[in-house]
Amino acid sequence: MNQNILLAVAASVGLVAGAGGTYLATAEPKVEAQAISKAELVAAISADPSLCPIPTVEAPSEAEATAAYRKAHAASPLVWDRNNMPEISVALGQCDKAGSGPGVACMTSVKMSPEAQPIERIVGFAKSASGEWIATIN
């Protein structure tokens, strides 16, 4: 036989075998993943809440936050009269993991005296090695 004919036959057989193999490999797709409804998802999480853990952060209580803020304020170089410190009160809002450094960042409402208007600001809190909360006032 002519060499060109053998080459054409070999190429045809290879083409048919490749197409047939591809058809057999993809002829019947099997569904391995299925979309579930929102109701099914809610029911599954309600039955076992550990499937969807809610991240929590350790944050100071309002008393701990107030004590830490007062201590940080007293240590500030901007305080002139350390014998006449203001009656600071701190109300905590939402706390989340601090973006830089250890601890948490909390939205606070700080009042320098009972009659003063509250100042809304973000204050950082971290636990020291002794377990005491330390405030960072920016």
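This is a predicted model: local features need pLDDT of at least 70, side-chain atom pairs count only at pLDDT 80 or more; totals for chains, interfaces and linings use all residues.

Residues are numbered from 1 along each chain as its sequence is written, and side-chain values use heavy atoms, with hydrogens and water left out.

The protein chain has three helices and four strands. Here helices (H or I, at least four residues) and strands (E, at least two) are DSSP runs, numbered from the N terminus. Their order from the N terminus is α-α-α-β-β-β-β.

What is the radius of gyration of this chain? The protein chain has 34 Å, whereas a compact globule of 138 residues would have a value near 14 Å. That radius is taken over C-alpha atoms, and the globule rule is 2.2 Å times the number of residues to the power 0.38. The C-alpha trace spans about 110 × 40 × 30 Å along its principal axes. Of the 138 residues, 18% count as buried; buried means under 20% relative accessible area, exposed over 50%, and partly exposed in between, with a 1.4 Å probe and protein chains only.

Let us turn to the strands. Two strands pair if DSSP finds at least two bridges between them. Strand β2 (residues 104–111) and strand β3 (residues 119–127) pair in the antiparallel sense over seven bridges, and V110 has I119 in β3 as its bridge partner. β3 also pairs in the antiparallel sense with strand β4 (residues 133–136), over four bridges. There, K127 has W133 in β4 as its bridge partner. β3 and β4 form a hairpin with five residues between them, and G131 in the turn has a positive phi of about 95°.

Next, the two residues. H73 is found in helix α3 (residues 62–75). Is H73 buried or exposed? H73 counts as buried because its relative accessibility is 17%. Setting aside neighbours within four places in sequence, H73 is in contact (heavy atoms within 4.5 Å) with V79, M85, P86, I88, M112 and I137.

V9, by contrast, lies in helix α1 (residues 3–26) and is partly exposed, with a relative accessible area of 46%.

Thank you for your attention.
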